Amino acid sequence: MSKAKEMLYPVGVENLYLAFMVEGKDSESAIPTYEPEIYSLPTIEKIGIAGNITSANKWASNKLFVNVSKNDKFTLTLDHTAIPVEVMDKVMGVISTKGITFDNSRPKEFPMFALGFIAPLSDGEKVARWYPKVQVTPPEESFETITEETNIPTQQLVMTATPLLFNDNTKVDYNSARESATGVTAEKFMEQVVCDETELETLFPIEGASS
């Protein structure tokens, strides 16, 4: 039986990946570019994913003729142990002077970045995913007194993934169990942000093919 026909299920989640857009946002005219450094963080505990689906139905001759669904964004809820301050400053779009930053009540557009993760499946295969355009929602914070018990608190970050202006893509999925998944691994998929179908031949060339 091929992997694509097996009953596979996720058994956890591995590293979180973050790549920040150059100039902080995308455009309609081109695929976005990202900074060369992709942050790989081994502190992810759980990521919740909620869509925002709208649907439209069209009836004809007393029958449902068309049933169209659209998802225009995802709400991503990340439970994590810790995120480096360098990464959080970039997520929040702040620059410190002498270790000090300021927040105010004026309108602000948070920087855009790509967020990805790898989730292993029950037989060792893996799912990998990129959300190429994500922005943070200002987080709620709490600081607690340390007790005698050893306790490392879970922190939470809420983000929104929306479609790219260039091609309307909201998420890009890879699954190593698919029969077409040749020459690509989850780790290789996460080496760069994948945004558009036109990038696939360049990013993942067929092995042995002439240049």
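S61 is exposed, with a relative accessible area of 70%. Here exposed means over 50% relative accessible area, buried means under 20%, and partly exposed lies in between, using a 1.4 Å probe and protein chains only. The model is predicted: local features need pLDDT of at least 70, side-chain atom pairs count only at pLDDT 80 or more, and totals for chains, interfaces and linings use all residues. Residues are numbered from 1 along each chain as its sequence is written, and side-chain values use heavy atoms, with hydrogens and water left out.

S61 sits in the loop between β3 and β4. Strands are DSSP runs of E with at least two residues, helices are runs of H or I with at least four, and both are numbered from the N terminus. The phi of S61 is near 55°, a positive value in a residue other than glycine. N62 also has a place in the loop between β3 and β4. Its phi is positive too, about 65°, although N62 is not a glycine. N62 is exposed, with a relative accessible area of 76%.

Now turn to the interior. In soluble globular proteins, nonpolar side chains tend to be buried together. A nonpolar core is a set of buried Ala, Val, Leu, Ile, Met, Phe, Trp, Tyr and Cys residues joined through side-chain atoms within 4.5 Å. The largest such core has 26 residues. Those with the most contacts inside it are L18, L76, F113, L115, Y131, V134 and M159. Several elements each supply at least two residues of this core, including β1 (16–20), β4 (63–80), α1 (85–92), β5 (113–120) and β6 (126–137). A second, separate core has 20 residues, among them A114, I118, V172 and M190.

Which residues does Y131 touch? Leaving out residues up to four places away in sequence, the list includes I49, F74, L76, F113, L115 and K171. A contact means heavy atoms within 4.5 Å. Y131 is buried, with a relative accessible area of 0%.

Next come the aromatic rings. A pair is described by the distance of the centres and the angle of the planes. Rings of Phe, Tyr and Trp (its six-membered ring) pair if their centres lie within 6.5 Å; planes under 30 degrees apart count as stacked, over 60 as edge-to-face and the rest as tilted. The whole structure holds 6 aromatic pairs. The rings of F20 and F113 have centres 5.5 Å apart and planes at 45°, so this pair is tilted. F20 is in strand β1 and F113 in strand β5, 93 residues apart. F20 is buried at 3% relative accessible area, and F113 is buried at 0%. The rings of F74 and Y131 have centres 5.6 Å apart and planes at 65°, so this pair is edge-to-face. F74 lies in strand β4 and Y131 in strand β6, so the pair ties together parts 57 residues apart in sequence. F74 is buried, at 13%. F20, Y39 and F113 form one aromatic cluster.

Finally, look at the second largest pocket. About 510 Å³ of space lies in it. Its lining has 23 residues, and D173, Y174, F189, L200 and F204 lie nearest its centre. The lining divides into 12 nonpolar, 5 polar and 6 charged residues. Strand β8 gives the largest share of the lining, 4 residues.

Notes: On a 1 Å grid over the protein atoms alone, a cavity is a set of points where a 1.4 Å probe fits but cannot get out, and a pocket is an open set with protein on both sides within 12 Å along at least five of seven lines; lining residues have an atom within 4 Å of a point. Grid points are joined across faces, edges and corners, and a volume is the space filled by probe spheres set on the points. Ala, Val, Leu, Ile, Met, Phe, Trp, Tyr, Cys and Pro count as nonpolar, Asp, Glu, Lys and Arg as charged, and the others, Gly among them, as polar.
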